Amino acid sequence: MRTSSKWGQTPFVKSAEEQGAGSTSAETPSLWFVTLVLVYFAGALFFWMRSLKGYVSLWVMLARSKRVEHPAVSRHIHLMLNDKIQVPCSWMHWILVGRKDLAESAHLILPHEMEHIRRGHSFDMLLADLTVNVLWFLPFAHLLHKDLRDVHEYQADHAVVCAEADADQ
């Protein structure tokens, strides 16, 4: 038995006592509502744990890296060298790079990663992660996350290419 009109339906049904002769007015949630809440929290837990795993692995990688100095990197940015890094990346004020990449492509990689840091892309990605973790059931949240990452790469690439073009003139 529903407790409200067609347009203002609540996800609650009357308890067995209310349907009978009991005078209790307590309502119990319906099975579909409880199932929906449990599925939501299970999905949210999965995405929060996935994010946590990523952040923990980042911190472990930072802890196992050696800080090095480079003339192209300002003092407030920490250049971290780790041979296990396959793809150079940056997070907050750290740049993680492998020895081979640093030796061969520092003139391309470091300005690109410093541009990510200068523009604060880590904060945008934190907000996008938060959005995905809370709204995991919406495909648009995942698309936003992917598109934001792509836009960040475009912005950093564009800034490096423009700086190279200005330097050539």
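**Sheet and helix arrangement in the predicted model**

Strand 4 (residues 78-81) and strand 6 (residues 94-97) are paired in the parallel sense through four bridges, where pairing requires that DSSP finds at least two bridges between two strands. Helices (H or I, at least four residues) and strands (E, at least two) are DSSP runs numbered from the N terminus. Within this pair, V97 of strand 6 is the bridge partner of L81. The model is predicted, so that local features need pLDDT of at least 70 and side-chain atom pairs pLDDT 80 or more, whereas totals for chains, interfaces and linings use all residues. Residues are numbered from 1 along each chain as its sequence is written, and side-chain values use heavy atoms, without hydrogens and water.

The four strands form an open sheet of order 3-4-6-5 with mixed pairing. Strand 3 (66-68) and strand 5 (89-91) are the edge strands, each pairing on one side only. Neighbouring strands are turned by 35° against each other on average, direction ignored; axes are lines fitted to C-alpha atoms, for helices over the stretch in contact, and angles run from 0 to 180 degrees between N-to-C directions.

Helix 2 (residues 31-63) lies across strand 4, strand 5 and strand 6, at about 80° to strand 6, contact meaning heavy atoms within 4.5 Å. Helix 3 (residues 99-119) lies across strand 3, strand 4, strand 5 and strand 6, and runs at about 150° to strand 6.

The axes of helix 4 (residues 121-134) and helix 5 (residues 139-168) come within 9 Å and cross at roughly 170°. Helix 4 is therefore roughly antiparallel to helix 5, a term applied to angles over 145 degrees. Contributors to the contact include M125 and A128 of helix 4 and L144 and L148 of helix 5.

Key
Angles under 35 degrees count as roughly parallel, over 145 as roughly antiparallel, 65 to 115 as roughly perpendicular and the rest as oblique.
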